[in-house]
Amino acid sequence: MNLTLVGILFVAAALVATGLLAAAWRRDALAALAGAPLAAAGAGLASVGAARFGSTIREPAAGQEAAVLVMLVALGIGLLGVAVAGPLRGPSVERPAAGAPPQARARGRRRR
Amino acid sequence: MDALTSVLFYALAAVALSGALGVALLPAGSLRALAFVLVAVGAAGMYAVLAAGFAAVVALVVLLASGLLLAPLPAAGPSTASSGRAGQLGAVACAALFAVLAYAAYRGGLFHGTYAAGDFGLFNAAAMGRLLFGRDALATEAAGALLLLALVTGGARWAGWAVTARRRR
């Protein structure tokens, strides 16, 4: 079994499609942001593979450079999305279960 | 490449893809964070197998940071998983996209060449530095500006939220 550029592009395509699936499957826009680093990892893998197996390329490290830039942009998108939309939600408040006793439900309410 | 390297690459690809499916489908929490770790390890391992050590380190850091940021976020509603027709249509569209990309990779008539990884080393930080800060310095500055903007915005929003939460107490 030999590793070829076609195999690398298959894996990269699967990663990109899974990233887009993560973005499409989530109802919440902030949770959908998790697809961005997955798709970026797939795109970077494709560029690294093309640079690894394309011997006619002038600069062999250009694929790695593209992968690094794409990953940094994905991190920036995630950071910016969390920065803009994350604090609007506030901290997670544990809600008591529906069948819980009244004391447990009162403990879950906010104290004023 | 020898067979052992190929087997290692495909094993890491299986780890990364299973983690990616977990990120896409699991609810927010520790399981999703574990899926992010699987993706990070698998993707960084694949980069390292392809003699791209610098990209492997960056991918590991970026994916772990994304997992820390996005995995434990509380849900806005009762459930963040999509159950409607739009989510199903999106999943079908993603499967179609994968089919198109796989067909393009298989029938693309790509030139099959190789290069020796020892030409510029595994980590090749010098070549990466020449490219990032020399030839493509503008792209590097744009990515750095985006990260700086995101960090400043995040710090300001979280500071404002903390002040508001303290006043409510």
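B:Asp136 is partly exposed, with a relative accessible area of 22%; here buried means under 20% relative accessible area, exposed over 50%, and partly exposed in between, with a 1.4 Å probe and protein chains only. The model is a predicted one, in which local features need a pLDDT of at least 70 and side-chain atom pairs count only at pLDDT 80 or more, while totals for chains, interfaces and linings use all residues. For finding one's way around, residues are numbered from 1 along each chain as its sequence is written, chains are lettered from A and ligands numbered from 1 in the order in which they are written, and side-chain values use heavy atoms, with hydrogens and water left out.

B:Asp136 forms a salt bridge with B:Arg135, and the closest N and O atoms of this pair are 3.3 Å apart. A salt bridge is counted when a side-chain nitrogen of Lys or Arg lies within 4 Å of a carboxyl oxygen of Asp or Glu. Salt bridges that share partners join A:Glu65, B:Arg135 and B:Asp136 into one network. The general idea is a friendly one to remember: side chains of opposite charge can pair when their charged atoms come close. One pair crosses between chains, running from B:Arg135 in helix 5 of chain B to A:Glu65 in helix 4 (residues 62-89) of chain A.

The view can now widen to the whole interface. Between chain B and chain A the count is one salt bridge, in which the side chains of B:Arg135 and A:Glu65 come to 3.5 Å, N to O. Eight residue pairs, both residues at pLDDT 80 or more, are in polar contact between chain B and chain A. Such a contact is a pair of N or O atoms within 3.5 Å; within protein, one atom must be able to donate a hydrogen and the other to accept it, and residues adjacent in sequence count only if both atoms are side-chain atoms. On the side of chain B that touches chain A, at least two residues come from each of helix 1 (3-25), helix 2 (30-49), helix 3 (53-70), helix 4 (85-107), helix 5 (125-135) and helix 6 (137-168) of chain B. The residues on this side of chain B divide into 62 nonpolar, 17 polar and four charged. In that grouping, Ala, Val, Leu, Ile, Met, Phe, Trp, Tyr, Cys and Pro are nonpolar, Asp, Glu, Lys and Arg are charged, and the others, Gly among them, are polar.

In all, 83 residues of chain B are in contact with 67 residues of chain A, where contact means heavy atoms within 4.5 Å. The two chains bury about 7100 Å² between them, 76% of it on carbon and sulfur atoms; this is the accessible area (1.4 Å probe) that two parts lose on being put together, summed over both.

A:Arg26 is found in the loop between helix 1 (5-25) and helix 2 (29-32) of chain A and is buried, with a relative accessible area of 5%. Its side chain reaches two backbone oxygens of chain B, that of B:Ala24 at 3.1 Å and that of B:Leu26 at 2.3 Å.

Chain A itself has five helices and zero strands, with helices (H or I, at least four residues) and strands (E, at least two) taken as DSSP runs numbered from the N terminus. Of the 112 residues in chain A, 53% are buried.

Within chain B, B:Ala16 lies in helix 1 and is buried, at a relative accessible area of 0%. Leaving aside residues up to four places away in sequence, B:Ala16 touches A:Leu15, B:Leu38, B:Val39, B:Gly42, B:Ala43 and B:Met46. B:Ala16 and B:Leu38 are 22 residues apart in sequence and 5.8 Å apart in space, C-alpha to C-alpha. B:Ala51 is in the loop between helix 2 and helix 3 of chain B, and its phi is near 60°, a positive value in a residue other than glycine.

As for confidence, chain B has a mean pLDDT of 83, and 86% of its residues reach 70 or more; pLDDT is the predictor's confidence in each residue, from 0 to 100. The complex is given an ipTM of 0.83 and a pTM of 0.81 by the predictor. Where pLDDT is low, the predicted coordinates should not be read in detail.
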